[in-house]
2 protein chains.
Amino acid sequence: VAIVGATGLVGRTLLQVLEERRFPLRELRLLASERSREKSLPFRGEQTAIEELSKERIKNLDIAFFATDAAISREFVPLTAGDGALVIDNSSAFRLEAGFPLVVPEVNGEEIFNHQRVIANPNCSTIQLVVVLAPLQRHFGLKRVIVSTYQSVSGSGQKGLDQFFAEVKGEHVIAPFYPYPIFGNCLPQIGAFDEDGYSEEEVKIMAETKKILGLPELPITATAVRVPVPYCHCESANVQLQLDFNLQEVRQVLAEAPGVVLVDGLTYPIPQQARGRDGVFVGRLRRDPSVERGINLWIVADNLRKGAATNAVQIAEVWIQEKERWEKLNR
Amino acid sequence: VAIVGATGLVGRTLLQVLEERRFPLRELRLLASERSREKSLPFRGEQTAIEELSKERIKNLDIAFFATDAAISREFVPLTAGDGALVIDNSSAFRLEAGFPLVVPEVNGEEIFNHQRVIANPNCSTIQLVVVLAPLQRHFGLKRVIVSTYQSVSGSGQKGLDQFFAEVKGEHVIAPFYPYPIFGNCLPQIGAFDEDGYSEEEVKIMAETKKILGLPELPITATAVRVPVPYCHCESANVQLQLDFNLQEVRQVLAEAPGVVLVDGLTYPIPQQARGRDGVFVGRLRRDPSVERGINLWIVADNLRKGAATNAVQIAEVWIQEKERWEKLNR
């Protein structure tokens with residue numbers, strides 16, 4: 001098993017999640033760009049050397065987790081898969097391409113077996129949204145979704161955290177990552193704007209949600225905002241359903257949905273409490289009086305865990321389990 | 001002229017705005033509760049004594065700005081108005097009561113003359129929303145409004161700022177104002193929840209918007225969230241209009257609307273740039289593909305200025321100007 005991009009925030013979280021979940025592996029290879037300063041990272045009590053990513057080092061792998069940017073993924077993912085490994089790619093490179101399943105195991109886990117050795121891991125904001133939308137779709141049908149995000153700086157990787165914590169300490173930031181200070185600010189831009197005025201993150205949320213839910217015509221719009229919070233993304237979602245509902249039914253559906261943790265009533269999900277956990281936390285359930293069959297929800301998850309590393313590892317776990325079952329049946 | 005509650009955040013901002021705008025007054029009386037530690041505050045280059053609020057000290061006033069909580073307003077506003085002063089009350093005490101105009105001068109300035117000596121100043125989040133909604137209603141008609149807020153801690157007064165800045169410095173907060181840490185967090189609760197699950201702030205936004213726009217049946221829903229930002233509130237608004245539009249028309253309508261500053265295209269409004277200014281900044285204009293005649297907007301304003309002090313002073317200015325004109329005509 002390899003982690004490509006092991007020294008980044010998602011790479012490190014992958015290392016941690018693999019260790020926590022006792023992921024079955026004989027050897028872990030940590031690969032990173034030559035820029036990485038670290039020489040090794042701890043895994044299962046031992047320091048594991050970090051090697052430079054190259055065409056040689058991606059050979060003879062069973063599973064490769066890519067936590068790299070889209071350009072690196074476009075170059076190395078096909079090579080790695082071509083050599084026989086199953087690749088789970090966290091970048092946006094293949095997410096929307098036909099033939100590449102885009103998977104959240106609780107939502108469309110069956111897609112894990114439709115791959116040609118490459119499975120795409122969705123965008124962090126999308127994952128926590130679809131984990132909540134899927135059970136609503138299943139029980140009531142989705143008619144329209146409007147989402148506004150409150151996204152933490154760790155979503156931009158270590159560069160985002162570095163700028164934020166330097167600004168908190170009042171330090172001068174020589175090469176800021178964001179175009180404006182993030183501490184004390186809210187920035188309604190995540191990625192470049194397209195000709196319709198939507199940011200890359202907003203386009204990802206809309207397009208990936210449709211693909212994962214298998215609803216290419218789902219009416220959905222998004223506003224993505226970076227807030228001065230280090231970890232966890234929040235979302236204010238307004239959802240119009242197809243079928244009548246009462247709130248108690250919706251609560252029950254969400255409480256029983258895989259991956260969802262309902263925190264509703266006098267309490268509600270917050271970043272501080274979602275940090276380090278794998279659930280998608282949902283609360284603030286209210287009927288929206290402005291439309292028929294409308295509901296408001298507040299969704300919080302750790303963007304580095306369920307929003308990235310945990311989801312990728314879960315995909316690999318399902319694949320291993322089913323592969324073993326299939327091999328047993330055909331022995 | 002008096003400021004009642006002069007030592008609070010809104011009270012101090014009132015003092016500053018009256019000075020900046022050269023508000024016509026012979027004498028300024030500063031009143032506060034006995035808890036206030038300060039003895040005086042600077043106004044027009046001189047220290048002005050702070051006196052304890054009492055039934056004696058609210059007599060013989062022309063105009064009284066109340067920046068007190070609803071309980072104090074309920075007790076002292078009727079007494080002050082009964083003695084002959086025009087009261088502009090920033091609390092929620094009278095906002096929704098019949099016979100009490102709730103005024104944003106750019107939106108329903110004509111209501112200033114329908115009062116019985118008490119005019120209510122709306123909630124901060126409501127003011128910046130209606131300044132943008134009013135021109136849209138005038139030109140295209142409003143069909144439905146969905147708003148999610150990103151509200152700064154100064155909206156909770158000095159207590160909010162104190163907790164925030166203590167947490168930023170890593171200090172232990174002995175008597176925190178918020179139920180959870182606010183630094184590094186987002187709290188989807190502003191005020192107590194009602195039986196439908198809406199917070200007080202959300203109810204204010206919905207009810208006050210309807211009253212100010214004169215649209216008691218307007219379909220509107222709100223989600224109010226406290227974010228770790230010291231000054232300025234942001235809002236992600238999704239608006240469905242009655243009439244067809246093209247984005248260029250909407251941009252022009254907003255660019256020409258009183259009180260609105262359009263910051264659209266490659267830039268967008270942010271708290272850091274709205275701080276200390278009186279405009280309501282709007283940008284991120286995008287057609288919402290999920291519904292007919294839908295539009296997304298991002299609205300930012302300084303909650304202490306246009307959201308509170310500036311709006312109150314503007315109400316007084318309109319009243320004085322019209323009163324003088326009327327007196328001249330009838331001389």
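The questions and answers below concern a predicted model.

Q: How many helices and strands are there in chain A, and what is its radius of gyration?
A: In this predicted model, chain A holds nine helices and 13 strands. The globule rule gives 20 Å for 331 residues, and the value for chain A is close to that, so the chain is as compact as a globular protein of that length. The radius of gyration of chain A is 20 Å.

Q: What percentage of the residues of chain A count as buried?
A: A residue counts as buried when its relative accessible area is under 20%. Applied to the 331 residues of chain A, this gives a buried share of 59%.

Q: Which residues have the most contacts inside the largest nonpolar core?
A: The largest nonpolar core has 89 residues, and the ones with the most contacts inside it come from chains A and B. One of them, B:Phe65, touches residues including B:Val1, B:Leu14, B:Phe23, B:Ile88 and B:Ala316, leaving aside residues up to four places away in sequence. The residues asked for are A:Phe23, A:Phe65, B:Phe23 and B:Phe65.

Q: Is B:Ile270 buried or exposed, and which residues of chain A does it touch?
A: B:Ile270 lies in the loop of chain B between β11 (260-262) and α8 (271-274). Its relative accessibility is 1%, and because buried means under 20%, B:Ile270 counts as buried. When residues up to four places away in sequence are not counted, B:Ile270 touches B:Val300 and, from chain A, A:Tyr180, A:Asn185, A:Cys186, A:Leu187 and A:Pro188.

Terms used
Residues are numbered from 1 along each chain as its sequence is written. Chains are lettered from A and ligands numbered from 1 in the order in which they are written. This is a predicted model: local features need pLDDT of at least 70, side-chain atom pairs count only at pLDDT 80 or more; totals for chains, interfaces and linings use all residues. Side-chain values use heavy atoms; hydrogens and water are left out. Helices (H or I, at least four residues) and strands (E, at least two) are DSSP runs, numbered from the N terminus. The radius of gyration is taken over C-alpha atoms; the globule rule is 2.2 Å times the number of residues to the power 0.38. Buried means under 20% relative accessible area, exposed over 50%, partly exposed in between (1.4 Å probe, protein chains only). A nonpolar core is a set of buried Ala, Val, Leu, Ile, Met, Phe, Trp, Tyr and Cys residues joined through side-chain atoms within 4.5 Å. Contact means heavy atoms within 4.5 Å.
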